[in-house]
Amino acid sequence: MMHMKPLPWFSRNSTFFVLAAPLLLISLVTFLIGDLLIERIVTVLFIDVILVLALQVFMGNSGILSFAVAGFMGIGAYSSVLFSMTPAAKAAALPDLYSFLTQIQLPFLVSLLIGGLIAALVAAIVAYPLMRLSDAAGVITIFSLLVIINVVLVHWSALTNGPRTLFGVDRFTYLGTTTVFCVIFLAVAWWFKESSTGLKLRASRDDAFAAASIGINIVMMRYLAFVLSAFMAGFAGGLWAHFITSFSPYAFYLSAMFVFLAMLVIGGPNGISGAVVGTVLVTLLREGLRSIENNVNMSKILPSGLVGFTEIVMAVLLIVILILRPAGIMGGRELRWPKDV
Amino acid sequence: MITLDFLINAISLGSTYALLALGMVIVYGILKLVNFAYGELIMITGYSLFVVALGPHLPWIIMAVLAVGVAVLTSYLTERVAFRPVRSNSLTAMLITSFAVSTLLQNAALLIISPRARGVPLPDVFSESAVIWGQSVPIRSLLAIVTSLLLLGLLVLLLRRTVLGIALRAASDNFRMTRMLGVPANLVISVAFAISGLLAGVVGLFWVGRTASVTPTIGAAPLLVAFVATVIGGMRSLLGAVVGGYIYGIVFSLIGVLLPQGLLEFREAFMFLIVILILLFRPEGLIRGVNSSRRV
């Protein structure tokens, strides 16, 4: 009888290293070039990678389309800045803030953690019953959740300054910060996918009835993935808020969600390789298109300017990918090294 | 106070919402597609009115027919170009496609026309009021009620009395069985999208009629309305969609009167909370369709 030797630890987890290495390289090269514009693009790229990984953790493993990531990003963004802003900045930007929050000021990393935890808490409280639904009903409920989060962010003026832009956030997020957290969350998403919970969830995605028949608690597996996804999105929202420093609730709604979905679906939703590859490619494409847009607008070739061109190309690309390669560029596989294991 | 003009406005809102919901469910019933691009058909109707008005002077009713025609055509084309090729893939692929189509159409309006609001021509009766039993009632509301009832009546005739209508109803009960019995799938789906476009187009006329203007993002609100109404009524039944639309219109008007001012701005959140609760506790909606969706 032949015995299968278990793969060594490195080979089993090579996907993480194969993906982390180029990300670290991008970060290093960006640091060495020292160009401010490139640094901004790469910083946002790393935040987007975390957000798309958050989407992948739930959507990729459960097969349920989730619109809520943008909402949890918003919750994380607002909750983290409420703890990191100076009392003076809060007094100026949020005059109606509840008195117990006005004097609190915590270190940046603690605030980020609080942002992620509050997003996870909201998900933990509301999501369990929602996880019973899948397909169209599941999509509409999670979509409703996004609408509710957005309505609350827009109207809870005491905490968010309402629909208006919130100013006065200090910038704490730099290239190094996002690089570190991007790699950490890459490991988290990989670990989750390969964990027992992730495996059970993927089984339920491929065949819910077969999975249930071998005793998998599908609702619980979905729930755990959803809460983890919310934590990651909330944490990334905090990172983004301390990078961009002024934002409104509309940054966390459907147009943001469209970009995250495009990134994940173009790359391939079933693996973390697809999430990373998709985010990098779509970012490159978007920046290219945006510079075309800006050049056309500057040169005044068109009387009304070229607004919305980037989104149109992205939407067409997304539809073409869904028609020709529905499993995304990675086709549901993970990058590995060496290739034959 | 419940007055006559409140009642008429609530019923007129309900009629509009009923048409909206029906247009969404007629596609959902057959393809199981929640069409995120549905709201954009209303935007297209509005912009078509705007564009037609730039040309030679025509009577308003002709312009309206043209605008609704463009909505029907757009709905048909989105199915032909985007949904048909992904139809055999997963449900999620089709949902994401509809989200992409919605983004595409919105940004096309931004690019081709303008991010700013554009005025649309309206007939004078839209801004006039009639006096009924001493109360002034906007004629627009009465028109919405009459048009909706006429259109619903025509649809009932189509669905009950014609072969095409019977095929449509059969397809929304059990699409696979209908195909096996020799009904051409592509034809049925195209017709469903065309009817969906017609309903959205007619609703679009009244929707842009409220503000006499159209913006690229005007489709978001009617899309949300269609979601809520279809979920209330039951996503598997055409009758349910109509009932859901009327209930939504009337409940929404009542909430507007009954809810204290401070909570009024959260009205939309309340409606979506109702959606989540219904999907959890009575996912088949108020009117049960033939096949209710499976849950884990």
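# Exercises on a two-chain predicted model

Take chain A's contacts between residues at least 6 apart in sequence: 81% of them join residues at least 24 apart. A contact here means that two C-beta atoms, placed from the backbone, lie within 7 Å. Residues are numbered from 1 along each chain as its sequence is written, and chains are lettered from A and ligands numbered from 1 in the order in which they are written.

## Exercise 1: the two chains

Work out the make-up and the radius of gyration of each chain.

Step 1. Chain A comes to 16 helices and zero strands; helices (H or I, at least four residues) and strands (E, at least two) are DSSP runs, numbered from the N terminus. Its radius of gyration is 21 Å, close to the 20 Å of the globule rule for 341 residues, so chain A is as compact as a globular protein of that length. That radius is taken over C-alpha atoms, and the rule is 2.2 Å times the number of residues to the power 0.38.

Step 2. The C-alpha atoms of chain A fill a box of roughly 75 × 50 × 40 Å along the principal axes.

Step 3. Chain B has twelve helices and four strands. Its 19 Å radius of gyration agrees with the value near 19 Å for a compact globule of 296 residues. The C-alpha trace of chain B spans about 60 × 50 × 40 Å along its principal axes, and 49% of its residues are buried.

## Exercise 2: where the chains meet

Step 1. Count both sides: 40 residues from chain A and 40 residues from chain B.

Step 2. Elements giving two or more residues on the chain A side include α7 (108-130), α8 (135-155) and α13 (218-244).

Step 3. Ala, Val, Leu, Ile, Met, Phe, Trp, Tyr, Cys and Pro count as nonpolar, Asp, Glu, Lys and Arg as charged, and the others, Gly among them, as polar.

## Exercise 3: a helix pair in chain B

How do the axes of α6(B) and α8(B) cross?

Step 1. The axes of α6 (residues 163-173) and α8 (residues 185-211) of chain B come within 10 Å and cross at roughly 95°. Axes are lines fitted to C-alpha atoms, for helices over the stretch in contact, with angles from 0 to 180 degrees between N-to-C directions.

Step 2. That makes α6(B) roughly perpendicular to α8(B) (65 to 115 degrees; under 35 is roughly parallel, over 145 roughly antiparallel, the rest oblique).

Step 3. L164(B), A167(B), L168(B) and A171(B) of α6(B) meet V188(B), V191(B) and A192(B) of α8(B). These are seven nonpolar residues, with no polar and no charged ones.

## Exercise 4: S213(B)

Is S213(B) buried or partly exposed?

Step 1. Find S213(B) in strand β4 (residues 213-214) of chain B.

Step 2. S213(B) has 15 C-beta neighbours inside 10 Å, so S213(B) counts as partly exposed.

Conventions. Predicted model: local features only at pLDDT ≥ 70, side-chain atom pairs only at ≥ 80, totals over all residues. Buried ≥ 20, exposed ≤ 12 C-beta atoms within 10 Å, placed from the backbone.
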